[in-house]
Amino acid sequence: VDGLLRCVVTAMLNGVDAAEADLASQVSQLGGPASGEARDAAKCLIYLRDRVGVPRDMNYHAAMQLRAHLNWAIYELQG
């Protein structure tokens with residue numbers, strides 16, 4: 001999950017194109033999209049996405065960006 005979160009942060013800072021190859025590598029290390037490990041990693045990211053608190057954790061716009069980039073990673077994990 002650590003590597004996936006690093007990909008999400010890279011995408012947020014440098015754009016999705018900059019992180020796409022790294023995310024693909026992380027997904028393949030987990031056994032490819034829709035594998036058991038990828039499903040478990042997706043559940044972790046979904047848990048994080050659903051529990052980001054505004055304004056406790058960050059402001060509204062930052063939370064929206066984080067959720068959008070987490071959704072991008074979740075989509076790639078689920079194939």
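Is Cys7 buried or exposed? Select Cys7 to find out: this residue is buried, at a relative accessible area of 5% (buried is under 20%, exposed over 50%, partly exposed in between, with a 1.4 Å probe and protein chains only).

Before going further, a word on what you have loaded. This is a predicted model, in which local features need pLDDT of at least 70 and side-chain atom pairs count only at pLDDT 80 or more, while totals for chains, interfaces and linings use all residues. Residues are numbered from 1 along each chain as its sequence is written, and side-chain values use heavy atoms, with hydrogens and water left out.

**Stop 1**

Cys44 is in no disulfide either, and the count for the model is zero.

**Stop 2: the salt bridges**

How many salt bridges are there? The count is three, where a salt bridge is a side-chain nitrogen of Lys or Arg within 4 Å of a carboxyl oxygen of Asp or Glu.

Start with Arg6 and Asp2, whose closest N and O atoms are 2.9 Å apart. Both sit in helix 1 (residues 2-14), four residues apart, or about one turn of the helix. (Helices, H or I with at least four residues, are DSSP runs numbered from the N terminus.) Arg6 is exposed, at 55%.

Now jump to Arg49 and Asp50: another bridge, with closest N and O atoms 2.9 Å apart. Asp50 is partly exposed at 45%.

Then pick Arg56 and Asp57, whose side chains meet at 2.9 Å, N to O. Here Arg56 is exposed at 64%, whereas Asp57 is partly exposed at 43%.

**Stop 3: helix 2 against helix 4**

Finally, show residues 16-29 (helix 2) and 60-78 (helix 4). Their axes are 10 Å apart and the packing angle is about 40°; axes are lines fitted to C-alpha atoms, for helices over the stretch in contact, and angles run from 0 to 180 degrees between N-to-C directions. That makes helix 2 and helix 4 oblique to each other, the class left over once angles under 35 (roughly parallel), over 145 (roughly antiparallel) and 65 to 115 degrees (roughly perpendicular) are taken out.

For the side chains, select Val16, Ala19, Glu20, Leu23 and Val27 in helix 2, which meet His69, Trp72, Ala73, Glu76 and Leu77 in helix 4 (contact means heavy atoms within 4.5 Å).

Note on methods. A disulfide is a pair of cysteine sulfur atoms within 2.5 Å. Helices (H or I, at least four residues) and strands (E, at least two) are DSSP runs, numbered from the N terminus.
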